[in-house]
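Good morning, and thank you for coming.

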Amino acid sequence: MANGTQIPRDERRSLSSHLPPVVQPGHTMASVTDKISSVVLTRQTPRAWFIGLAISFSLTMLLLVAVTYLLAKGTGIWGVNIPVAWAFAIINFVWWIGIGHAGTLISAILLLLRQEWRTSINRFAEAMTLFAVACAGLYPLLHMGRPWLAYWLFPYPNTMGMWPQFRSPLVWDVFAVSTYLLVSLLFWFIGLIPDLATLRDRSPSRVGRFVYGLLAMGWRGSARHWHRYEMAYLLLAGLSTPLVVSVHTIVSFDFAVAQLPGWHATVFPPYFVAGAIYAGFAMVMILAIPLRRFYGLQDFVTMRHLDNMARITLATGMFVAYGYMMETFMAWYSGSIFESALMTNRFSGPYAAWYWALLVFNVLIPQALWFTRVRSSTVALFLIAVSVSIGMWLERFIIVVVSLHRDFLPSSWGMYYPTFWDWAMYLGSIGLFFSLLFLFLRFLPMISIFEMRTLLPGAEVKEENP
Amino acid sequence: MSQGVYGLMAEFGDVGELVTAARKAREAGYVHLDAYTPFPVEELDEALDLHHTRLPMLVLIGGIIGGLAGFGLQYWTTVIDYPINVGGRPLFSWPAFIPVTFECTILGAGLTAVLGMLGLNGLPQPYHPVFNVPRFALASRDRFFLCIEARDPKFDIDETWGFLSRLQPRQVSQVDA
């Protein structure tokens, strides 16, 4: 499919005729437009939406309480202490930012590879990226102890006469994550403009016409505009692709640049990027499977999409499994007693149960994706995706907590136990993520309408006498 | 040239008809014309001769400026304005500056791509005459429009109307300025 332009559309279709279609046949431009925009514009909001928002908003309120208490009392309310000073804050930061990466992968890398099936999932995957990065950003900020001084991380001329330490991966993180958030936001917004114009032209209410009209910025679908638009979109995709790889590479530097056994490993950058895509695709499936069911979008998000996502999940899962294998191998091959002590501690130390659970959730269970029967069952896919999400969270727990709690000197060993407030922050951020997602589903088209139009047979140019 | 008229607009129900019409209009000698479609149509770029855009060059420049600014900031702060001696290690430790330089390059290029696209397209634009045609709302759904503008030297309201009608559109309408 990489040279998809050279193969005519009909032939391409016959090449993949044994697969379910990307869009169910029988749809026209009008029906695609009406079906997707009606979720936002006219249809009654489903009861499940209110229930979902109520639950996630309650959890967001829990986050508010947890953050307020944290600001009042300080990070002592968490279980963090020396030697485990990072714990949940950094576990959740890496977990969330990893989830975000699948959105960029779908919107940018699959666009460059001309994978047409990405079209119906890219919009909400990009929204997922934004909300996940927003949740991720909370943690390092709140972990600082005095979050109201967070702007000290940015280089600005100040009366103290000081500048940030640019040799520190933590400062690289600030630049990587804020650039990632900004570029993802722009990419998402640019993709939305033509659809906002559709909503502006179709909204029955004055408020809707005004708000969508304001956001669409006067988009009128001019050929000249589309020409530059396509160029900008392609360039942004080309820029986002190395960006997403760099962001998780830099996140892995937070660990790999340190001397600690279990962190100081060259395999970290590729292994972190693969893990991020793995976790992210699992989250896209967790979202897509219920969404297509509740909103009746099985025509647009077909079994083909789920099958493709399952394959990518399986492939990246194998990268991650290889990463685990290499970590173990290097611990033995390096001949370092500290490295091998760390591995022994992982396998049989106080947190061993978590490590074995990680292997079950992240390596063993996803192997079921080899089977076509499993890949064609939405229930099985959903459960495997949940297993991967748990597994990836456990992976970060193992990396952060197990490496920190026993380092070189037994006199400085300790244990980490999460407190109520650790869990409250974690659940609260999940609530924030889903609240934002529910609001997105209600007010913006969850599938890119204009890109769906290009997939229809009617989008083909057939000239009578060229 | 008629007063108060922005141009004449023909509506088509099929993208192929629009591309043929655009090509014929250019062959007939019209220069100031534009097509409006609900999705990007590559063939129109050729039919309307839209090949050149300055955007990639702007993005390249934006990226280079971003990268240089990021690197320059790190050089100036760590070497000149706030040198810290850490065990005698060199102040100009450029490999450690690469990640931030890279992120600044992407940021500069990405911002230029978005703002450049909007700027060159003249967006945001709160008012445009084409929206005066009521059926133009369908341009964001499933209809295709070709508009020949009144500023075209060859534009004559009756003659152009006749020309557009011969292209067998669904409808021809006048676009008030």
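Let me begin with a definition: helices (H or I, at least four residues) and strands (E, at least two) are DSSP runs, numbered from the N terminus. This is a predicted model, in which local features need pLDDT of at least 70 and side-chain atom pairs count only at pLDDT 80 or more, while totals for chains, interfaces and linings use all residues. Residues are numbered from 1 along each chain as its sequence is written, chains are lettered from A and ligands numbered from 1 in the order in which they are written, and side-chain values use heavy atoms, with hydrogens and water left out.

I start with a loop of chain A. A:Asn158 is found between helix H5 (119-143) and H6 of that chain, in the loop. What lies 3.1 Å from a polar atom of the side chain of A:Asn158? The backbone nitrogen of A:Met160 does. The backbone oxygen of A:Met162 is 3.0 Å from a polar atom of the A:Asn158 side chain. For a polar contact, the rule asks for a pair of N or O atoms within 3.5 Å; within protein, one must be able to donate a hydrogen and the other to accept it, and residues adjacent in sequence count only if both atoms are side-chain atoms.

Next, the backbone. The peptide bond from A:Ile82 to A:Pro83 is cis, with omega near 10 degrees, and A:Pro83 sits in the loop between helix H3 (47-73) and helix H4 (87-112) of chain A. In chain B, the peptide bond from B:Leu123 to B:Pro124 is also cis, with omega near -5 degrees. B:Pro124 belongs to the loop between H4 and strand E3 (144-149) of chain B. A:Ala87, in helix H4 of chain A, has phi near 45 degrees, a positive value in a residue other than glycine.

I turn now to salt bridges. A salt bridge here is a side-chain nitrogen of Lys or Arg within 4 Å of a carboxyl oxygen of Asp or Glu. How many salt bridges does the structure hold over all chains? There are 16. In one of them A:Asp34 pairs with A:Arg202, the closest N and O atoms being 2.9 Å apart. Because A:Asp34 lies in helix H2 (residues 29-40) of chain A and A:Arg202 in helix H6 of chain A, the pair ties together parts that are 168 residues apart in sequence. A:Asp34 also forms a salt bridge with B:Arg141, where the closest N and O atoms are 2.5 Å apart.

That brings us to the interface. Several elements of chain B give two or more residues to the side that touches chain A, among them helix H1 (15-27), strand E2 (33-36) and helix H3 (55-81). H4(B) provides the largest share of that side, 15 residues. By type, the residues of this side are 43 nonpolar, 14 polar and nine charged. Here Ala, Val, Leu, Ile, Met, Phe, Trp, Tyr, Cys and Pro count as nonpolar, Asp, Glu, Lys and Arg as charged, and the others, Gly among them, as polar.

With contact taken as heavy atoms within 4.5 Å, 66 residues of chain B touch 59 residues of chain A. The two chains bury about 5,700 Å² between them, 67% of it on carbon and sulfur atoms; buried area is the accessible area (1.4 Å probe) that two parts lose on being put together, summed over both. Of the area that chain B buries against chain A, B:Pro40, B:Glu103 and B:Arg141 supply 12%, more than any other three residues.

Thank you for your attention.
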